[in-house]
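Dear colleague,

I am passing this structure on to you, and my notes on it follow below. Please read them with the coordinates open.

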Amino acid sequence: MGLIKNNQYFKSLPKDVADVLEKFDPKKPIFQFTPIPTFRTSLEKEKYWATEFERWNVGHNGLPATLYFMATQGMLKNRITGGLERPVCRDVDLYLHTRLELAKKQKRSAGILKGRGVGLSTLFGILANHTMLTKPGSNINMTSKDQPTLAKIFSDKLIVCYENLHKDIRPEEKNRNETKQTSYLAVKSEYVNQFGETKEGVSTIFARETSDSDKSASSFSGSGAALGLYDELPLHRRKNKLLNSSIECYRNPRTKELDGFLIWGGTVEDTLTNDDLMEFKKTVEKSDTWKSDIIFLDCLWGFQKTNTDYTGWTDWENGQIWYEKEIESMISKSDDEAIRSFKKNNPRSVNDIFELAQGGYWEDDVASIAKQHYDELIAVPEAKMPLVTGNLFRNGRKSTFMPSAKGFCEVIEQPKAGVKYFIGVDGAASQENTTNSSDKDRSKVSATVMKIYESPEGLNFAPVCQYTELPKQMEKCYEVLTALATWYNAKVHIESNQGQATGIVTYFINQNLEDYLFALQAEVGTHILKKKAIYGQYRTDQILSKQIDLGNIYLRKHCKDIFIPSLMYEIAFANHTDNFDRLSSFLTVLAIAWPLINKPIQKENKIQQFIEHPVMVRNQDGSWGWGMKRQYLVNPHEHTNNLLPDTYSRQ
């Protein structure tokens, strides 16, 4: 009926979602409320409510069960007038309830990312009432970013709906309590069990503060629940602690499936710092830990040009005009911060939600370059990327690379004769089997191989290999590091903040590979002890600041030469809070290779001999295709790729 055709978000929906939406005519209301009739007999009343109860479980006329309940039994308080009114059944409700129903059927949870005006807290209040009626005896967990917000949801959303349910169906209130930390409602209702017996069930709603301490964040753990409703999660101070500790509440202890249903979400406000944003971005990226389907809601959902004859359908055309005018006005005033704030509260894409403020890890122009290149890089089909994963195996001073989909080495180019390479290493504090191996955020061992210079047509001054692993045994990663060094014939420099420099250095020495270690000169005051070399370096804040300065200079010129997506991700979304092992190893190698990267190249005029071979090249439109690479038999430049001296004086 034209709904899918006119909506860019519907076009990419799974067929089962699109089929629901296409049943409705966007020129007519999705649902029109019919008042509950006056019953002439008890039998009439029983039949009516029996039919309604079935619809609250299976849906009706294309409406998901929860949406039908909301449209017929829901009640909300007008945010402006304070008066009570029936909710309008909107297209955003149809879309959202359909997605939630599919997630629940697939025994998954759901995470909702949205702008203002969707009505998530209203939804949560109505869903809690729906569960009380359809699952007598069930537990329901509710929380929000802080206690004041939670108390408002409990009183203005959940209780308003409960107290305005029709007297024939409203469960009997058994207990209600509201304290500083917890709001509580228990209701009693009858149900018929699997044996046909009439029983009495007590449903309980626990609305708990979970943000003020680690203990409160774990307050749901240890108890089962049919429904979990976590509002304003992006603003929650202990969101990961809350999710990690409570997911078991909704899991069947026998089958380990999510028989309970957890819904979390909210608006990502512009008041969040860059580090807050990156923390929540990691929460979203780890959503499969909680088996969460991520549902993004465009800010234009619900937009209306006027309130005349409002039928619940979004006016997408006029919404787009309004949005563009708002952005245009701010652009004309060169107000970048206002634009960012507007987009964050009115997101058109997930990228708007996670747009960082100025003053982040990189300088503003570099941050923009890095994000743009990362987006371009991940848009390249995997089959067209010049990257191979695999593992390295060493025999003495010779190493062999074996491609493997489960490998820990990501290789852009294998070693080339006459080309100089350096390796930077970021160590780990401990191996996997000595700590909680389920903690995916722990420090890993990472090494970046930096290629210096090959030829004008070659890939120059770029990372050509990345190795990152949380090893089961430290000796395993030490062996891979020696294999990398011998394979690329590269000097290895180690950042020793995790205390691993000693172990790595000892392993290299014991394997008679000390000559591959990059040595710093020991200093006493202003005097250099020329006969004593130091392997590894503790990275102080001052050293890190200098590395970031070099990174800004490097990325302006060479960002487009980085073809390792996992490394580019950490560069693009760098911050001072999260653990970025690949980025640390990249900065470590950049610092020691910088004298050669920054060395001027003087051209020669004489004609050079070369051979050609096919390689992957980037086309003008950003896509990848085959091209011919020219391999010079004699280096056409004066750039010599000479080794750095074995000793290096810190500036």
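The lining of the largest cavity is made up of His493, Glu495, Gln537, Arg539, Ile543, Gln547 and Thr588, where a cavity is a set of points on a 1 Å grid over the protein atoms alone at which a 1.4 Å probe fits but cannot get out, and lining residues have an atom within 4 Å of a point. Strand S17 (491-495) and helix H16 (541-558) are the elements that give two or more residues to this lining, helices being DSSP runs of H or I with at least four residues and strands runs of E with at least two. By class, the lining has one nonpolar, four polar and two charged residues, with Ala, Val, Leu, Ile, Met, Phe, Trp, Tyr, Cys and Pro counted as nonpolar, Asp, Glu, Lys and Arg as charged, and the others, Gly among them, as polar. The largest cavity holds about 30 Å³ of space, the volume being that filled by probe spheres set on grid points joined across faces, edges and corners.

The model is predicted, so local features need pLDDT of at least 70 and side-chain atom pairs count only at pLDDT 80 or more, while totals for chains, interfaces and linings use all residues. Residues are numbered from 1 along each chain as its sequence is written, and side-chain values use heavy atoms, with hydrogens and water left out.

Elsewhere, Trp322, Tyr323, Glu326, Ile327, Met330 and Ile331 in H10 meet Ala338, Ile339, Phe342 and Lys343 in H11, contact meaning heavy atoms within 4.5 Å. This contact of H10 with H11 has eight nonpolar, no polar and two charged residues.

Best regards

Key
1 Å grid on protein atoms, 1.4 Å probe; cavity = no way out; pocket = protein on both sides within 12 Å on 5 of 7 lines; lining within 4 Å.
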